[in-house]
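Hi everyone, thanks for making time. I'd like to walk you through one model today, so let me put it up on the screen.

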Amino acid sequence: MPEPEIVEAEPADAEVMVALMQAAFGARRPVDPPSEALGETVESVREALTTGTGVLVRLDGVPAATLLIDPTATAEGEHPAVPGTVVLRRVSVHPDYQGGGVALQLVAAAEEIAAEDGARRAELIARHEFPELITWWRAGGYRELRPAPHGVVLGRDLPVPVQVPTVDDMHALGERLAGVLRAGDLVIASGDLGAGKTTLTQGLARGLGVDGPVISPTFVLSRVHPSRNGAGPSLVHVDAYRLGSPEEFDDLDLDESYGSSVTLVEWGLGLADHVNPDWLHIHIRRGDDDTRVVTLRPQGARWRGVDLRAVVEGVPGA
Ligand SMILES: Nc1ncnc2c1ncn2[C@@H]1O[C@H](COP(=O)(O)OP(=O)(O)OP(=O)(O)O)[C@@H](O)[C@H]1O
Ligand SMILES: [Mg+2]
């Protein structure tokens with residue numbers, strides 16, 4: 001599968017998006033009443049993109065998936081919207097591209113865009129006739145909130161973004177994050193080479209009060225940093241950059257240390273995320289000059305009730 005090109009949709013994309021919606025919803029089992037997605041027109045989508053926004057995914061330049069982000073109404077269509085909540089509509093993956101992870105990337109991009117626009121929650125309606133779709137959303141962290149006409153409203157808290165202008169701020173973020181972490185937690189850090197994953201881990205180590213120094217594990221894949229006072233969790237710092245498969249990750253034999261440690265895995269997406277249904281995804285994106293945008297994306301029940309916004313709001317520069 002080629003690397004997808006993912007963009008925030010513009011009104012000029014309406015025609016391509018309608019074609020994708022028709023292809024995706026037209027390929028589903030027929031339902032009664034039919035999905036309103038089949039009634040979308042270039043005009044209605046263009047209108048939706050002026051009051052809200054959307055996402056368009058291309059693979060090798062070919063439109064593959066799209067959705068609309070609606071900040072103006074509730075999932076059931078009532079106006080006005082609940083403040084801070086957006087609704088994902090017309091989630092469409094072209095039948096030629098289903099099953100390759102495109103839907104996940106589409107939804108992740110939508111969640112990130114909505115979160116950066118200040119939204120805190122995303123909701124959507126799934127039809128009863130498609131229990132497999134409800135299962136898919138649940139696996140992505142969505143919970144059933146209330147019944148809706150012909151289906152159910154699913155929702156989740158959105159990822160928490162924060163601007164991190166300097167190295168000191170990145171250390172401060174790690175240090176504050178340590179305050180909500182406990183033994184048994186798994187953290188996966190993603191982002192390009194030099195994004196700041198190790199820098200964040202240094203702050204985490206400081207906050208946990210573990211032995212240093214935290215450096216890039218270039219020759220060893222993992223390092224254990226024990227708690228200095230022996231009371232708190234140790235920090236297991238893993239660099240999975242050179243690993244090719246989840247099996248190779250399992251071969252590191254970290255199982256014994258999980259329960260008594262906070263485990264942070266750089267480059268661990270797709271390699272370490274099977275270890276535990278509960279994990280914290282931290283994505284670091286390089287912005288203009290040295291600024292980084294860090295996105296905290298909690299996965300699983302572990303994080304319900306954990307106020308990650310309070311964590312990032314205390315970071316200087318945020
Ligand atoms: N705002 C910032 N946050 C974090 N690092 C920054 C920032 N501004 C500049 N830097 C620099 O960027 C570099 C980040 O390197 P670091 O080793 O933390 O990245 P990494 O994501 O772990 O890379 P790799 O994938 O190679 O392991 C450091 O040299 C750091 O000084
Ligand atoms: Mg690193």
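Predicted model: local features only at pLDDT ≥ 70, side-chain atom pairs only at ≥ 80, totals over all residues.

Residues are numbered from 1 along each chain as its sequence is written, chains are lettered from A and ligands numbered from 1 in the order in which they are written, and side-chain values use heavy atoms, with hydrogens and water left out.

So, a helix to start with. Ile134 sits in helix α4, residues 131-139. Is Ile134 buried or exposed? Its relative accessible area is 11%, so Ile134 is buried. For the record, buried means under 20% relative accessible area, exposed means over 50%, and partly exposed is in between, using a 1.4 Å probe and protein chains only.

Who does Ile134 touch? Contact here means heavy atoms within 4.5 Å. Skipping neighbours within four places in sequence, Ile134 contacts Ala126, Arg127, Glu144, Val152 and Leu154. Take Leu154: Ile134 and Leu154 are 20 residues apart along the chain, and their C-alpha atoms are separated by 8.2 Å.

Now compare that with Ala148, over in strand β6, residues 143-148. Ala148 also counts as buried, at 11% relative accessibility. From Ala148 to Ile134 you go 14 residues in sequence and 13 Å in space, C-alpha to C-alpha. Again ignoring neighbours within four places, Ala148 is in contact with Ile125 and Val153.

Let's zoom out. How many helices and strands does the protein have? We get 9 helices and 14 strands. The radius of gyration is 21 Å, close to the 20 Å that the globule rule gives for 318 residues, so the protein is as compact as a globular protein of that length. That radius is taken over C-alpha atoms, and the rule is 2.2 Å times the number of residues to the power 0.38. The C-alpha trace spans about 65 × 40 × 40 Å along its principal axes. Of the 318 residues, 48% are buried. And if you look at contacts with a separation of 6 or more, 66% of them are between residues 24 or more positions apart.

Okay, the metal. What coordinates the magnesium ion, ligand 2? That would be Thr198 through OG1 and Glu266 through OE, at 2.1 Å. Thr198 is in helix α6 (residues 197-208) and Glu266 is in strand β12 (residues 261-266), so this pair ties together parts that are 68 residues apart in sequence. Both Thr198 and Glu266 are buried. One caution: donors are N, O and S atoms within 2.8 Å of the metal (3.2 Å for Na, K and Ca), and water is not among the atoms, so sites may look incomplete.

Most residues other than glycine have a negative phi, and most peptide bonds are trans. Here, a cis peptide bond joins His79 and Pro80, with omega about -10°, and Pro80 is in the loop between β3 (62-70) and β4 (85-93). Another cis peptide bond joins Gly212 and Pro213, with omega about -10°; Pro213 is in the loop between α6 and β10 (222-225).

Then there's phi. Arg90 isn't a glycine, but has a positive phi of about 55°. Arg90 is in strand β4 and counts as buried at 18% relative accessibility. Asp253, not a glycine either, has a positive phi of about 55°. Asp253 is in the loop between α7 (246-250) and α8 (255-258), and is exposed, with a relative accessible area of 61%.

Last stop is Arg58, in strand β2, residues 53-59. At 19% relative accessibility, Arg58 counts as buried. Not counting residues up to four places away in sequence, Arg58 touches Pro4, Glu5, Val7, Asp13, Pro63 and Ala64.

How values were computed: Helix = DSSP H or I, 4+ residues; strand = E, 2+ residues; numbered from the N terminus.
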